[in-house]
Amino acid sequence: MNHKTKVYSLRIFHIVGALFIYTSIFLLLYSGFTGRQFSILPISFIALCGEAMAVMINKWDCPLHDIHNKLGDEKKFFGLFMKEEYTRTAMIASIVLGGFTILFYSAIKLKLLVL
């Protein structure tokens with residue numbers, strides 16, 4: 001596999017993973033607000049918690065950014081869609097949204113929060 005293929009493969013993997021995480025966030029929030037249940041919710045919750053742990057361990061940055069750097073790819077996930085100056089803000093917003101979702105859904109499931 002040549003270098004360009006590795007970079008594009010990593011970008012595609014990163015995009016697919018991010019789409020799954022953001023879909024998980026949406027489903028968990030939707031389920032929390034409406035009470036509707038989906039069979040994928042446990043997987044979504046576990047994946048979101050795993051992502052949160054990985055981000056915390058990686059000093060509040062995406063763990064895949066290290067792999068991007070090793071490949072010499074300056075365009076990380078958010079850099080594919082926006083100017084570089086906004087990427088850190090987008091990452092922080094994603095962390096806050098994910099953290100809120102974990103806490104919100106946990107509170108709903110533990111019946112600490114009733115809507």
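A crossing of two helices is called left-handed if the near helix is turned anticlockwise from the far one by less than a right angle, and right-handed if it is turned clockwise. With that in hand, note that what you see is a predicted model.

I start with α1 and helix α3, which covers residues 64-71. The crossing of these two, α1 and α3, is left-handed. Two packed helices are described by the angle between their axes and the distance between the axes. For α1 and α3 the angle is about 165 degrees, and the axes are 10 Å apart. An angle over 145 degrees counts as roughly antiparallel, so α1 and α3 are roughly antiparallel to each other.

Which residues meet here? On the α1 side they are H3, K6, V7, L10, R11, F13 and H14, and on the α3 side L64, H65, I67, H68 and L71. By class, this contact of α1 with α3 has six nonpolar, four polar and two charged residues.

Now the other pair. Helix α1 spans residues 3-34 and helix α2 spans residues 41-57. Their axes lie 9 Å apart, at an angle of about 120 degrees. That makes α1 and α2 oblique to each other. The crossing of α1 and α2 is left-handed.

In this contact, α1 supplies F20, I21, S24, I25, L27, L28 and S31. From α2 come L41, I43, S44, F45, A47, L48 and E51. Sorted by class, the contact of α1 with α2 holds 10 nonpolar residues, three polar ones and one charged one.

Terms used:
Residues are numbered from 1 along each chain as its sequence is written. This is a predicted model: local features need pLDDT of at least 70, side-chain atom pairs count only at pLDDT 80 or more; totals for chains, interfaces and linings use all residues. Side-chain values use heavy atoms; hydrogens and water are left out. Axes are lines fitted to C-alpha atoms, for helices over the stretch in contact, and angles run from 0 to 180 degrees between N-to-C directions. Helices (H or I, at least four residues) and strands (E, at least two) are DSSP runs, numbered from the N terminus. Angles under 35 degrees count as roughly parallel, over 145 as roughly antiparallel, 65 to 115 as roughly perpendicular and the rest as oblique. Contact means heavy atoms within 4.5 Å. Ala, Val, Leu, Ile, Met, Phe, Trp, Tyr, Cys and Pro count as nonpolar, Asp, Glu, Lys and Arg as charged, and the others, Gly among them, as polar.
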